[in-house]
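Please read it beside the coordinates.

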Amino acid sequence: MNAPEHARLINPHSEHLELLEVPSKTLPAEGKVGQSYIGQSIPRSGAKKLLEGRGSYVDDLRLPRLVHVVYLRSPHAHAAIKSLDLRDALKQPGVVAAFNGDDVAKFCSPWVGVLGHLKGIRSAHQHAISPERACWQGEAVAAVVAQTRRQAVDALDFIQVEWEVLPCVTDMQSSLDAKTVIHPELGDNLCFSRDLETPEFAKAFANADCVVEREYHFGRHTGVTNEPRSILADYNPAEHTLCVYHSTQAPHMMQDIFSRHLGIPESNVRVICKDVGGSFGIKVHVYADEMATAAISVMLKRPVKFVADRLESFITDIHAREHKVRIKLAFTKQGDIIGFDLNDLTGIGPYSVYPRTSGIEGNQVVNLTGGPYKHQHYKAHLDVVFTNKNVTCQYRGVGHPIAVAVTECIVDEAARAIKMDPVEFRRRNLIADDAYPYTFASGLKFEKLSHHQCLDKLLDTMDYKALRAEQAKLRGKGVYRGIGLAAMIEVTNPSPAFYGVGGARISAQDGATIRLDPGGMLQVMVSVTEQGQGTEAIFTQIAASAVGVDVGAVRVITGDTGVTPYGGGTWASRGAGIGGEAVLRAGKALRSNILDVATVILNIDKSLLDISCGYIVDKLTGQELLLLSEVGRIAYFRPDTLPMNFQSELTVTRHYTPREYGFTFTNGIQASYVEVDPDTGFVKLLKHWCIEDCGTLINPMLVDEQIRGGIVQGIGGVLFEECIYSEDGQLMNGSLADYLVPMASEMPDIVVGHISTPTKTSELGAKGAGEAGTAGAPGAVMNAINDALAPLGANVTIQPCTPQRILQALGKVSGG
Amino acid sequence: MSDQSLEISLRVNSQEVNAQVPVRMHLAEFLRESMDLTGSHLGCEYGACGACQVHVDGLLVRGCLTLAVQAQGKHVETVEGLTEKGVLRELQNAFLQHNAFQCGFCSSGMLITALEITNHYPNADREQIRDLISGNYCRCTGYQSIVDAIESVLKDQRLRNQLSAPKAQSEMGVDK
């Protein structure tokens, strides 16, 4: 024991405690008494490892006795398996085992992707490996396990399959017509439909001065995470435990699912989500091949790894957004919106994806269309149909990009019809900033939005008038530039109304545990996962602020069901608002508990003490009285020096569930400035702006990055990305060379600004920010293109707006 | 498929390595599976995404489009080795300061492209930086912060260059 340690020990209750040696690592920077890190753009804690090649993604993990599984996938969109022979594959070098659907079904029960609150939604039983038939090109029908992935891939060629090709349905309208039925037991191809009509709708529409109508088409796209889907399942028969290393967004949801479908008690299943190489909603679903991988680990009683290759990613990662939307907007000749009439048809592949269902995206389109505006009349019809293409489900934005695009594009058409500036049209119709709380025509409740503040700030930021002047000047020179706006609302911080009420075992609550370690640092364990968006960094900032320590004195652990509190994970822009609030509550409670210990050590009343920068301080003067490492040392190692009846509690857990509103809506507005070449159909993005209100900004730099990244994904959808299928259900562009995602040289600089209206439903006041960019960008860019094309009398209505489609709209090439 | 293998001798991050490798094994797989250097990532395995980039004798290559046997007699440097050598430090700091990454899966490759830019294109402007990083997919950031980070390093580099003797400036051009 060194001298200062001894000095402190002998007089732990002294008011004049001398701090002779201070551990430098926990020393805060000077002059930060009472500092809050909330609202500071500081570099992400815990992320430097990713820049040094020291991350650990699933494929980086190595376990003893590890084997690799690959899957034989159907080359047909719809075909029955007449025979499947694995014998030759089993003889190949390195092959450990091979299984068909029936083999795996003995260990993994099938599922049906329906939810109780989507009334009438139906789907068919889906198996980990399909035993009888394949319903899309890419569905797995057999598995080969080998010592190396290459050996397993080689052995696939030796599986003999005799297929009976069945009629397939790839067109949404044909599916609705049901001449060919994919699942005979369902009678037709309808997965889900919904109707909504406000009272007096027909009368209001009939009496309107003007009605504009358009049909918009949205191509399928997919997430293209740089890290493909990956899973390593490790079953231990001695303990009947399963540990799954999973590139996922929802570890507790997966724990429940592995438990129920593999027949292993929930608490015997541990899901660990280490570094994740992008998710965007792609990695929040149950994938048949991942369930099969876990089942095969149980069957073989050893660790098994599956990592999708890029082709598998394209044909099996969920797709999204195949919609055909007919929309009408009724309005007065003064430019006041009377109502919207929406008809959405969407094709989801052969199964509704488990457990979140594939009905949610269409449902969101119905919920959100017209969302920023104050009209009272709304009618909507939705049909969600099965097709023999890859399954679709929730991908970043979930319905928002469709709802925002159809709303904002038809609003522009209305403004054009009465020759009103689109800004003026929006200003007349956006819900007033003092009208909240507000119930929207579709039934959604908004706590507090700031459409007009956002619009004003946007116009200032982009210098709208100057841009219009420049546009007009250039038009005289034969340069076709366009300005497009898109106002939006976004679902964030979902309550149990999203999934729980429908029967899905997906936690609406999240939790945080914070522990003061003896050395004075904090361990923070949170049920929300890190996918690169910086959740661990913002939890660091919140915990440091709540307890009163330097950010360098905080370590965060996420993504481990064996360690963190129970919770929902990362989806629907909920990490900051829900997980962050749990961290704040835990941090405040721990601060109070630390002060209880300090009070008995220092013999000073608790009301006179505070914590700042890692010290117990005099609340009035800020004088440093005691290091937290002293509190920790005494509480853990020398509690004998504390009063007999005192017990310290330096680990605290708190949870949070949003209760007052179904969702905490955010709002914002985007603008796009483009130049269209009418000879080639090429679109050059000149600049993009977004003003967003996500309430309290915890780390503005990270929020801006979320918004920019989201906008670029939205731009991908409106300009480039489309999963193109042939009539017989073959994906025609399943490679990164053929499926175009945005690259740096095509992207504009993006200006992001904020209005901050903290939600009063939580103390932190944070709302979500992860999906707003993706929600608004497609509508803004399409409006900008159509604004550029307007003087040429052309209008493009199909996304992605490829050069070919723009030339078709201009009548320069045929087809469409 | 051929299981033929060859013995190769090479240096990996300055260490001498002798290995028996299948002739069809690509360099990124060799680095990941045989050397346990998992910093080079596999996003597509056909040269589109750029996450597997490494240096071979100082030249930037796609690890998935280079066979391991092609590295015979050469010096392969990965993000791990280049980090230890310190040549990426300024870029890594700039990436952290500008939040020029989210999930980090593209970062190893992106940093090696960025190193190429700071070594060979000292006067690149934003548009040129955007062009030069267009061989690397990033699905998270929207690229702007990556451009910001590289631009800041180039600016610092030019400033340092101006401050030092004119002699040093003449050495800036192309780094052989």
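Over how many bridges do strand S25 and S26 of chain A pair, and in which sense?

1. Strand S25 (residues 615–618) of chain A and S26(A) pair over 3 bridges in the antiparallel sense; two strands count as paired if DSSP finds at least two bridges between them. Helices (H or I, at least four residues) and strands (E, at least two) are DSSP runs, numbered from the N terminus. In this pairing A:Ile616 is placed opposite A:Leu626 in S26(A).

2. On provenance: this is a predicted model, in which local features need pLDDT of at least 70 and side-chain atom pairs count only at pLDDT 80 or more, while totals for chains, interfaces and linings use all residues. Residues are numbered from 1 along each chain as its sequence is written, and chains are lettered from A and ligands numbered from 1 in the order in which they are written.

3. S25(A) and S26(A) belong to an open sheet of 3 strands, ordered S24-S25-S26 (chain A), with antiparallel pairing. Strand S24 (609–612) and strand S26 (624–627) of chain A are at the edges with a single partner strand each, so one side of each has no neighbour in the sheet. The twist from one strand to the next averages 35°. Helix H17 (residues 575–602) of chain A packs on the sheet and touches S24, S25 and S26 of chain A, and its direction makes about 120° with that of S24(A). Angles run from 0 to 180 degrees between N-to-C directions, and axes are lines fitted to C-alpha atoms, for helices over the stretch in contact.

4. Another open sheet in chain A has 4 strands in the order S20-S28-S29-S30, and its pairing is mixed. Strand S20 (480–490) and strand S30 (750–754) of chain A are the edge strands, each pairing on one side only. Strand S29 (residues 683–693) of chain A runs parallel to S30(A), joined to it by 5 bridges, and A:Glu692 stands opposite A:His754 in S30(A). Helix H15 (residues 464–475) of chain A packs on this sheet, touching S20 and strand S28 (666–676) of chain A, with its direction at about 145° to that of S20(A).

5. Helix H12 (residues 400–417) and helix H20 (residues 772–789) of chain A pack at an angle of about 30°, their axes 7 Å apart. H12(A) and H20(A) are therefore roughly parallel to each other (angles under 35 degrees count as such). Residues in contact, meaning C-beta atoms, placed from the backbone, within 7 Å, include A:Val404 and A:Glu408 in H12(A) and A:Met782 and A:Asn786 in H20(A). The contact of H12(A) with H20(A) divides into 7 nonpolar, 6 polar and 2 charged residues. Here Ala, Val, Leu, Ile, Met, Phe, Trp, Tyr, Cys and Pro count as nonpolar, Asp, Glu, Lys and Arg as charged, and the others, Gly among them, as polar.

6. Chain B is divided into domain 1 (5–83) and domain 2 (86–170), with bounds from an automatic or database domain assignment. Between them, 15 residues of domain 1 are in contact with 13 residues of domain 2. The side of domain 1 of chain B that touches domain 2 has 7 nonpolar, 8 polar and no charged residues.

7. The contact between the chains takes 42 residues from chain B and 42 residues from chain A. H3(B) gives the largest share of the chain B side, 4 residues. By class, that side of chain B has 18 nonpolar, 18 polar and 6 charged residues.

Methods. Contact = placed C-beta atoms within 7 Å. Parallel < 35°, antiparallel > 145°, perpendicular 65-115°, else oblique.
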